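Here are a few notes from going through the model. Have the structure open while you read.

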Amino acid sequence: MSIGGGPARGLLTVVCGNTPQARGRAVDVLRRAAPGAVVLSVSVDGAPDGRYPSVQRTVSCHYQQLRGDLCRATTGDPAVIIRQDLETIARRTEHPHVVLALPGELDGTLFLAALWQTPLGRTPTAHHYELGTLTVGVDPDRFLSDLRCAHRTVRSYSPGAHTVPLTLAEAAARQVEAAGTMVLSPGRDLADGTREGTRALLGHLNPSAEVLSGSESGEDALGTLVKPDPRWAAAGPVERLDPVIAPVRRQGVDHGVMSVLWRSRRPVHPERLAASLPRITSGVVRSRGHLWLATRPQLMAAVPSWSRRRR
């Protein structure tokens with residue numbers, strides 16, 4: 001396919017998941033939609049001394065030579081390594097559709113922003129690929145558990161050798177909020193309402209995303225997974241990291257879940273805000289946004305995202 005008369009490019013679809021099984025289920029849905037896709041699965045093993053991690057890649061495709069060239073472990077920056085792999089695939093196949101399956105240690109949007117940056121002397125990744133929808137597999141039981149966990153941390157790799165500590169709740173919320181499509185797994189017990197409650201919660205956390213049910217997904221839904229996502233044209237991977245983004249709120253109440261949007265034309269008094277937080281955040285699962293503080297009117301303060309255990 002081509003845009004604006006430019007050279008034909010392949011399609012890159014990034015897949016994440018809150019469990020390996022959920023990620024695998026999402027990859028299976030992508031393979032149903034694009035049977036000839038090249039599936040590039042990545043795992044990251046961090047070095048104990050804080051240096052570059054070991055990045056293992058496995059390839060599932062019809063091209064024997066690609067499997068031999070890419071199926072190996074390499075130490076280095078994951079974005080640099082995967083960028084080189086994608087260039088290799090683009091050179092040896094014609095307009096490929098690559099399904100890039102990322103591990104939980106890599107933040108999907110942050111990784112794409114690093115992947116889309118062009119090092120000196122290298123061909124831009126955007127020269128070879130258009131971006132498909134960012135797809136996230138969600139295990140409902142694990143998602144609800146992680147979203148309530150603000151006392152444990154995980155480490156997510158940022159560009160370079162650095163890792164960023166995140167609470168389980170923050171990591172779980174950020175993953176689904178970045179998605180364009182979510183694939184919801186059945187969960188342990190369909191009769192307890194967990195799955196439908198999770199679907200409602202996902203709809204409020206990310207109203208613009210489509211939630212699929214794996215094998216229940218129709219052909220129209222699958223068709224969107226094999227096309228470029230037009231939302232990337234409006235806001236690329238770097239722009240989506242901007243902390244000042246117009247809030248999107250889902251209307252109504254679904255399975256006891258509702259979203260509240262708060263705005264003010266005047267700066268917030270920090271001491272009054274701190275005193276009112278215990279009452280304001282009672283029952284809150286997720287918060288995000290930015291504040292205008294009366295003590296620092298020239299600055300914008302990002303709201304620390306938190307997840308509170310529902311009462």
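1. Glu130 pairs with Arg9 in a salt bridge, closest N and O atoms 3.7 Å apart (a side-chain nitrogen of Lys or Arg within 4 Å of a carboxyl oxygen of Asp or Glu). The partners are 121 residues apart, with Glu130 in strand 6 (residues 129-131) and Arg9 in the segment before strand 1 (10-17). Both are buried (under 20% relative accessible area; exposed is over 50%, partly exposed in between; 1.4 Å probe, protein chains only).

2. Some housekeeping: this is a predicted model, with local features needing pLDDT of at least 70 and side-chain atom pairs pLDDT 80 or more, while totals for chains, interfaces and linings use all residues. Numbering runs from 1 along each chain as its sequence is written, and side-chain values use heavy atoms, without hydrogens and water. Helices (H or I, at least four residues) and strands (E, at least two) are DSSP runs, numbered from the N terminus.

3. Glu177 in helix 7 reaches Arg286, in the loop between helix 11 (270-280) and strand 14 (290-291), with closest N and O atoms 2.8 Å apart. Glu177 counts as partly exposed at 21% relative accessibility, whereas Arg286 is buried at 15%.

4. Helix 7 (residues 168-177) has 7 of its 10 residues buried, so it is largely enclosed by the rest of the structure. Among the buried ones are Leu168, Glu170 and Val176.

5. Within helix 8 (residues 194-205), Glu196 and Arg199 sit 3 residues apart, about one turn. Their salt bridge has closest N and O atoms 4.0 Å apart. Glu196 is partly exposed at 37%, and so is Arg199 at 24%.
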